[in-house]
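Biologist: Hi! Could you walk me through a few spots in this one?
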Amino acid sequence: MALSFSLSPEQEEFRKVVRRFADEVIAPAADEMNAQARFPVEIVRQMGGLGLFGIPFSSKYDGMDGDYLTLCLAIEELGRVDQSMGITLEAGVGLGAAPIDEFGTDEQKQRWLPELCRGEKLGGFGLTEPGGGSDVFGATRTRAVQDGDSWVINGGKVFITNSGTEMTSIVTVTAFTGEDEMTSIVVPVDTPGFSVAPPYRKVGWHASDTRELILEDVRVPVANTLGERGAGFRQFLKTLDDGRIAISALAVGLIQGCVDECVRYAQEREAFGKPIAKQQALAFKIADLEVAAQTARQMYYLACWRKMEGLPYKREASISKLFSSEQAVTAAREATQVFGGYGFTTEYRVGRFYQDAKILEIGEGTSEVQRMLIARSLGL
């Protein structure tokens with residue numbers, strides 16, 4: 001298709017549907033569920049009912065036959081009111097279901113994808129380990145040893161999203177299956193020896209489920225190998241490239257949420273006898289937030305377009321993720337300043353955004369990793 005910065009009528013209508021759901025269902029519950037650090041199963045199931053978890057997947061597996069941009073539009077709209085629900089969708093699709101769809105056999109897809117696409121179950125992706133972060137390959141200590149027709153897995157993973165909810169059915173874990181041979185293996189969460197720690201006490205994303213995983217003599221069929229043996233490293237690199245675009249959309253949602261909240265508040269709040277919107281310093285500050293939102297949005301649109309066109313997009317994904325995540329941190333800080341003392345409370349949405357923003361510079365590859373990847377793409 002020709003490069004266009006306009007959404008199709010179907011995409012525009014879908015965006016409105018998701019925005020309405022975000023405003024009417026998620027927003028009223030967001031303060032309470034974040035204050036309680038509660039994963040809202042009832043809301044996530046409603047997201048499934050809207051088809052959000054099946055957007056980019058084939059109707060053959062109960063998906064929506066949509067494209068990646070449409071998924072990112074949904075993530076942005078959810079993230080505009082609550083980042084926890086935005087990352088729940090992003091991880092449920094990009095880390096839980098997408099590897100099965102991308103690398104799985106037809107039997108694996110038939111077995112696991114439909115319930116993930118319908119949002120009846122959630123999947124996770126166990127990559128990061130206690131001794132590592134950005135150095136995934138070198139820091140991996142999880143091992144899988146073949147015993148007949150089974151893998152026996154021992155190890156642990158940290159910071160794994162959607163891994164311990166009552167909806168979670170599978171977690172794909174990476175493990176060394178030989179010297180310098182990393183393999184992805186799908187582990188049903190009811191497998192003996194697989195356990196999850198209590199949820200982390202996090203700075204932000206309070207209503208999102210994030211846990212440590214423990215694998216002690218976990219035995220699963222060799223048939224649960226995702227793709228080829230030894231392909232795990234290539235698989236997670238591809239998974240992270242896609243995830244960086246989606247995290248960009250989540251960051252844009254936060255920036256746009258800051259703009260919306262600041263515009264509303266600046267028109268209502270009075271100081272020195274007039275609305276603070278009439279103070280040029282504050283008006284310019286909000287204008288800068290709108291510039292950031294518009295620019296970051298076009299960046300993830302471009303990365304999506306290249307992905308959907310089958311063009312190389314690794315560099316564009318990194319540029320989009322780097323810029324949007326850093327702008328989100330700035331936007332949350334500046335929005336808090338606009339709100340003054342009220343911004344330092346969770347009574348207003350910008351207070352939650354301030355808590356949520358920082359992780360965007362870390363998850364799916366830190367800002368330092370993105371700069372490294374961009375430099376490499378320039379031949380440096």
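Predicted model: local features only at pLDDT ≥ 70, side-chain atom pairs only at ≥ 80, totals over all residues.

Biologist: Great. Where is T140 placed?
Modeller: T140 sits in the loop between helix 6 (136-139) and strand 2 (143-147).

Biologist: And is T140 buried or exposed?
Modeller: T140 is buried, because its relative accessible area is 1%, and the cut-off for buried is under 20%.

Biologist: Which residues does T140 touch, leaving out those up to four places away in sequence?
Modeller: With those left out, T140 touches E129, K157, T174, F176 and M182.

Biologist: Switching topic, what about R111, which element is it in?
Modeller: R111 belongs to helix 5 (residues 106-117). R111 is partly exposed, at a relative accessible area of 43%.

Biologist: What does the side chain of R111 make a polar contact with?
Modeller: With the side chain of N224, at 3.5 Å. Leaving out residues up to four places away in sequence, R111 touches P188 as well as N224.

Biologist: Now E216, please: buried or exposed?
Modeller: E216 lies in strand 7 (residues 210-221) and counts as exposed, at 53% relative accessibility. Its C-alpha is 64 Å from that of F272, 56 residues apart in sequence.

Biologist: Last one: which feature does UniProt place at residues 230-378?
Modeller: The unreviewed UniProt entry gives "domain: Acyl-CoA dehydrogenase/oxidase C-terminal" there. In the model, that span is 75% helix and 3% strand, and its end C-alpha atoms lie 29 Å apart.

Technical notes
Residues numbered from 1 in each chain as written. Heavy atoms only, no water. Helix = DSSP H or I, 4+ residues; strand = E, 2+ residues; numbered from the N terminus. Buried < 20%, exposed > 50% of the residue type's maximum accessible area, 1.4 Å probe, protein only. Contact = heavy atoms within 4.5 Å. UniProt positions renumbered as here; feature names shortened; annotations may be inferred. Polar contact = N/O pair within 3.5 Å; in protein donor to acceptor, adjacent residues only side chain to side chain.
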